[in-house]
Amino acid sequence: MAERIGLGIIGFGIMGERLARFAAEHDQVRLVGVWDPSPEAATRLAAALPGVAMLASPEAVIAACDCLYIAAPPAFHLVHAKAAFAAGKAVFLEKPLAVDADEARAFVEAAEAAGARGAVNFPMVSSPAVAQLAAWRAEGAVGAPRELSITTGFAAWPRSWQRDAHTWLDKPQQGGFTREVVSHFLFLTRRQLGALSLEAARATFAAAGRSETAIAARLTAGGVPVSLSGGVGITLADDHNAWVLEGSAGAIRLRDWSFAERRGADGMWSAPADAVPNERMRPMVLKRQLDGVAAMTRGEKHHLATLREALEVQQVVEAVLAQSA
């Protein structure tokens, strides 16, 4: 087996801690250090992973790693990614790429021109449920795609487990459910159907200085019509979503992140017997994401979301949010 790659992490919030816990047990990854400016983050790191150092600066993490995972708020993504690329390191970062879509485009173009090794954390590429959808399509269960609908709903925003990050997750510059959640389903759509094109959109901001509370949009993906909707306060669940593809031969959907379901002749939806909720699927997904990080860092072929794909998703997301009601 190839030598394990050294993974450094900037940002030890929810996502940083989640990936770090799995990276510590991964057979192709070794954690070389973490940096986060918060004293509380240092306390959590010492409790969760006592053998991993909280380093003194972002520069120290970059110097120590082969690949830098950037899990800081979006406003800080590019400064750290550019520094890592300049040091010859690989980069795995959270979406969106940046706060400003034009800055994101310039960053991606420069990274592509330089042949930099970079990828973005869209976990659906590693989801067994998404693999099941693709298998059903390959078997002809859908036939020619006719239309797609994407719906997302939340009891409140941020979700209960994200409330400690409300200072940026509920702000219009970096936060909101469209960037945080809808982007995953737009990425899935791009991978499954083809290039995205926004036709019309509306975003509602109920309070000044807060993130959006509702969106509605019409798009196409590879020429297939797509309807998109989302809202806060429209469900009792923390998070409810559905990605439903209708075709000439049938329909499939991804429900609540992890349930791949197929519509039968009786109109009822059913999932495979081995389907599991998102909490139980997450370890499988993170394991495969880290497999991809290791391959990407070594310059090998990988399945992760590319910088270009993330840029295309971000451009659609920002265009939707720009159409405020």
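The bend at a residue is the angle between axes fitted to the seven residues ending there and the seven starting there.

**View 1. Helix H8 has a kink.** This is a predicted model. Helix H8 covers residues 177-193. A kink of about 40° is centred on Ser183. What span should the 17 residues of H8 have? At 1.5 Å a residue, they should span 24 Å. The end C-alpha atoms are 23 Å apart, which agrees. After H8 comes Gly194, and its phi is positive, near 125°.

View 2. Is H8 largely enclosed or left open by the rest of the structure? Of its 17 residues, 15 are buried, so H8 is largely enclosed.

**View 3. Lys95 sits in a loop.** The loop lies between strand S4 (90-93) and helix H5 (101-114). Is Lys95 buried or exposed? Its relative accessible area is 9%. Buried means under 20%, so Lys95 is buried. The Lys95 side chain reaches the backbone oxygen of Glu180 at 3.0 Å. Leaving aside residues up to four places away in sequence, Lys95 touches several residues, including Arg179, Glu180, Ser183 and His184. Ser183 is also where the kink in H8 is centred. Other residues that Lys95 touches include His77, Val120 and Phe122.

**View 4. Strands S1 and S2 pair in parallel.** Strand S1 spans residues 5-10, and six bridges join S1 to S2. In S2, Val29 is the bridge partner of Ile5. From S1, the chain crosses through helix H1 (residues 14-23) to S2. This β-α-β crossover is right-handed. Strand S2 (residues 29-35) has six of its seven residues buried, so S2 is largely enclosed by the rest of the structure.

Conventions. Residues are numbered from 1 along each chain as its sequence is written. This is a predicted model: local features need pLDDT of at least 70, side-chain atom pairs count only at pLDDT 80 or more; totals for chains, interfaces and linings use all residues. Side-chain values use heavy atoms; hydrogens and water are left out. Helices (H or I, at least four residues) and strands (E, at least two) are DSSP runs, numbered from the N terminus. The expected span of a helix is 1.5 Å times one less than its number of residues. Buried means under 20% relative accessible area, exposed over 50%, partly exposed in between (1.4 Å probe, protein chains only). Two strands pair if DSSP finds at least two bridges between them. A crossover is right-handed if, with the strands pointing away from the viewer, the path from the first strand over the helix to the second runs clockwise. A polar contact is a pair of N or O atoms within 3.5 Å; within protein, one must be able to donate a hydrogen and the other to accept it, and residues adjacent in sequence count only if both atoms are side-chain atoms. Contact means heavy atoms within 4.5 Å.
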